[in-house]
Amino acid sequence: IQVLYSDFDPEDPKKEIITEILNQVKRLDRAVRDLLSYAKPTPPQMSPNNIHSILEKTLFFIQQVAKKGKTIIEMDFEKNLPDIMLDADQIQQVFLNLSINAIQAMPEGGVLKITTALRNSEEISEGLSEIKTEWLEIKFEDTGVGISEEDIKNIFNPFFTKKVKGTGLGLSISQRIIEDHCGRIMVRSQPGKGSAFMVYLPVKCC
């Protein structure tokens, strides 16, 4: 299909059909990769990494998606965060999932704000206050449609989705990756007022 695509002139009407075929192939490829990742997870390959470097790579990949979705991306990164042990590819996959979900939650456009901060256990509720360590907080906050209280209980369940497209595995895979890094992923949302997904990664590896 890619060879056929390159053979057509830009003005050729058939090129539009080939483009759509390519898009569907990519969609199927993503679905297969999601299924494989869910069915046969790969253990994280830990190495020291800077979280901001991974976020910058993520932002590079989502620029076109954000532009097409009329999404403004704002960043507020805390300076001098320590490097931590993690699998950069897996964490980038989580950040991509959360960023694209946020953009898709704003069909009329909006703002995606990504922030980072260093937190201690006392600053974090929901089961992390008992673990005495410092945490990196990476927050993805959108101004989208929000999530209902009923749906928020199920969003991390495999195959749960309200989207026309998608496998419903993105958040489930993301949660498993973060938990494999001894971290947590949490969500706050209000219908009509947007959502915030917080990823917490321990500064000291478990």
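Along helix α4, the buried residues are Gln90, Ile91, Gln92, Val94, Phe95, Asn97, Leu98, Ser99, Ala102 and Ile103. The model is a predicted one. In an α-helix there are 3.6 residues a turn, so residues three or four places apart point the same way.

The length of the helix can be checked. α4 covers residues 88-104, and at 1.5 Å a residue its 17 residues should span 24 Å; the C-alpha atoms at its ends are 24 Å apart, which agrees. Where α4 starts, Asp87 places a side-chain oxygen within 3.1 Å of the backbone nitrogen of Asp89.

The largest nonpolar core holds 35 residues, and Ile51, Ile91, Phe95, Ile138 and Leu201 have the most contacts inside it. At least two residues of this core come from each of α3 (51-68), β3 (84-86), α4, β4 (110-120), β5 (134-142), α6 (170-180), β6 (184-190) and β7 (194-202). Leaving aside residues up to four places away in sequence, Phe95 touches Ile51, Ile54, Leu55, Thr58, Ile138 and Phe140.

α4 also meets another helix, α6. Two packed helices are described by the angle between their axes and the distance between the axes. For α4 and α6, the axes come within 9 Å and cross at roughly 145°, and the crossing is left-handed. On the α4 side, the contact is made by Gln90, Ile91, Gln93, Val94, Asn97, Leu98 and Asn101. On the α6 side, Gly170, Leu171, Ile173, Ser174, Ile177 and Ile178 take part.

Notes
Residues numbered from 1 in each chain as written. Predicted model: local features only at pLDDT ≥ 70, side-chain atom pairs only at ≥ 80, totals over all residues. Heavy atoms only, no water. Helix = DSSP H or I, 4+ residues; strand = E, 2+ residues; numbered from the N terminus. Expected span 1.5 Å × (residues − 1). Buried < 20%, exposed > 50% of the residue type's maximum accessible area, 1.4 Å probe, protein only. Polar contact = N/O pair within 3.5 Å; in protein donor to acceptor, adjacent residues only side chain to side chain. Core = buried A, V, L, I, M, F, W, Y, C linked by side-chain atoms within 4.5 Å. Contact = heavy atoms within 4.5 Å. Axes fitted to C-alpha atoms, helices over the stretch in contact; angles between N-to-C directions. Left-handed = near helix turned anticlockwise from the far one by under 90°.
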